[in-house]
Amino acid sequence: MIKNIFLLAITFCSLSAFAQKQDYPIQPVPFTSVKLTDQFWTSRIETNRTATIPASFARCESTGRVKNFTMAAEHKGKFCTTYPFDDTDIYKTIEGASYSLAVHPDAKLSAYIDSLITIVGKAQEPDGYLYTARSIDPIHPQSWAGPERWVNESKMSHELYNCGHMYEAAVAHYMATGKRNFLNIAIKNADLLVRTFGPAKRHVAPGHEIVEMGLVRLYRVTGKADYLSLAKFFIDQRGIKKYDAKSKNVYENGTYFQDNIPVIDQDEAEGHAVRAMYLYSGMTDVAALTGDTAYIAAIDKIWNNMVTKKMYVQGSIGAVGDGERFGDNYELPNATAYNETCAAIGSVFWNQRMFLLHGDAKYIDVMEKTLYNGLISGVALDGKSFFYTNAMQVSNSFSHPDLERGRSGWFECSCCPTNVARLLPSIPGYIYAQNGNDVYINLFISGTGNLMVNKKALKITQQNNYPWDGGLTFTIDPASAMDMNLKIRIPGWAKDQAIPSNLYSYEQSSAQKITIKVNGKAVDYQTKNGYAVISKKWKKNDKVELTLPMDVQRVVANTSLADDNGKVALQRGPIMYCAEWADNNGMATNLIVPKGTVFTTTYEPALLNGITVLKAEVKSVNIDEAAQTITTENKTMTAIPYYSWANRGKGEMTVWFPEQVKYVELLTK
């Protein structure tokens, strides 16, 4: 029984027997049907299982997050953490642990999770309400909670936010184990929401979105249409509350909450970046399930705005620390970049959904850039320390309140570590997707994927050394000969496209060519929506070889990005690079990379868990403030993958390099 449950999709497929009339036209192959053998991701997922998840549970215990639930069950004590959303750190860690259990059974871990679920269940009130910040002492709730249920939801109580993460975790746990103990708690809570909110009931635009995504997951599992209807109701409540439209303050004008105008009228990525990603993901889910064309038109415009005007070169979003939010168009500063790790995770969620809706590789291009760069930079190689924000530049002579020079084991607000814990073990579920005879290969990660195509079993085996090598091999192994359209993503970075917009571009086109062979022979293939389409009758052990160029590319920014004018960033394959103090005589922000600089590449297995480094002869700047002189000297520069910085101590780091002396930022002034 449980074995069969494993084969169902955690995120998008339904467990129940009901038939959904409408859904994403493309469906992901569930992570439980994919087994990885690569080094890059397998090692990270294993570190997440053995280090990150246990540490996260331990910190939930030591910081009082678990104690809050115990006190809530007894209705006595004092809320002992800082934020009312601290409940979700337990939920998110259970979600990540459940994903791990599904592919790596662990009786001890399973029993521990059950013990936590028991504690959570005892804290639930008889009508389904579950919110420790109020239940511990209803007369004196935590300050953000408000004096009564829901009255502060549109601002900062996070009551519905907590519900959403609980639903996500409960569904993951149910589908991983077959147990209903957590799912029943979530359903009881969701039924309370259905009784409380809706037309002719209480109205509210959730202050921090994710309940919409969570309700959709419950709908997929239970088939209860009320959950889907409520998700849409919450989305449609945005833009109704009256704010001060003339105010420049993002809290006063409603943009911080994505609440200034109705969602169908929004055309710009705005406000708190994590809230935004969860809202847009929820809108995409509801659009797929209801066919709401107004939603689709809006999210298409918003996505285009984000990718053309509001994304950093390594995939991060949310440039402004005041409000952890999107800035204005082209407001992407380097020295004060915010780039919350949770926002990168939310971007992965949204781009995956946009692909499932539209079938265009550009969404996976953005997702891949984020995954390999601005997301995994958020966790140390040992899996035990984290960045909340992800810097673009660290200088010895400049400081800023939001600048993190090194990772931390935990934060007072620890949303990012627990979000990492739930994202990483689900990565195998992002590799393959399917729509009838169309089989998509989106990510290039060695291992096997097991699919059913027209009721026939199909196994795809990938062999590669990605992201360090562009030689990719796919063995196609159908149970019997089958007609199939194999769609292999040709990454934008391999087609001289740094990002699917003109926000960043390559200084020069690649001289290398993309080649595809089937059973050793070069083939002609069609390209559609960024995919190489190979249509044929596939037979056992058919082999496809794809070779992608792995030049070191100099990336330049749109001239509207003032901080990046006259500078270049370095990219090889999907990996963005940076220079760090440890490899460059204690400094990094004094390096100049002139036009024509030639880089060599070397794989160093003993460095930072194995990376390809870039080396080149460049110039370094020496500033003598006393003499007011600037001199340069030749120097060998070493660049490392951006995700790997700050694993060897604190010091300078930079992603963008001036091409001339005049563009060196004299941060000492």
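Residues are numbered from 1 along each chain as its sequence is written, and side-chain values use heavy atoms, with hydrogens and water left out. Because the model is predicted, local features need pLDDT of at least 70 and side-chain atom pairs count only at pLDDT 80 or more, while totals for chains, interfaces and linings use all residues.

The sheet comes first. Helices (H or I, at least four residues) and strands (E, at least two) are DSSP runs, numbered from the N terminus. Seven strands make up an open sheet with antiparallel pairing, in the order β2-β6-β7-β8-β15-β11-β12. At its edges are β2 (34-36) and β12 (521-522), each of which pairs on one side only. Two strands pair if DSSP finds at least two bridges between them. In general, strands of a sheet pair through backbone hydrogen bonds, either parallel or antiparallel. Between the antiparallel strands β6 and β7 there are seven bridges; Met 452 has Ala 457 in β7 as its bridge partner.

The loop between β6 (447-453) and β7 holds Lys 455. Its phi is near 65°, a positive value in a residue other than glycine. Lys 455 is exposed, at 81% relative accessibility; exposed means over 50% relative accessible area, buried under 20%, and partly exposed in between (1.4 Å probe, protein chains only). Further along, the loop between β7 (456-464) and β8 (471-478) contains Pro 467, which is joined to Tyr 466 by a cis peptide bond with omega of about 10°.

Another positive phi, about 65°, belongs to Ala 200, which is not a glycine. Ala 200 sits in the loop between α8 (181-196) and α9 (211-222) and is exposed, with a relative accessible area of 87%.

Helix α14 (residues 361-375) has 15 residues and should span 21 Å at 1.5 Å a residue; its end C-alpha atoms are 19 Å apart, which agrees. The expected span is 1.5 Å times one less than the number of residues. Of the 15 residues of α14, 14 are buried, so the helix is largely enclosed by the rest of the structure. At its start, a side-chain oxygen of Asp 360 comes to within 2.9 Å of the backbone nitrogen of Lys 362.

Asn 442 lies in the loop between β5 (438-441) and β6, and is buried at 1% relative accessibility. Leaving aside neighbours within four places in sequence, Asn 442 is in contact (heavy atoms within 4.5 Å) with residues including Phe 355, Ile 364, Tyr 430 and Arg 489.

Key
A polar contact is a pair of N or O atoms within 3.5 Å; within protein, one must be able to donate a hydrogen and the other to accept it, and residues adjacent in sequence count only if both atoms are side-chain atoms.
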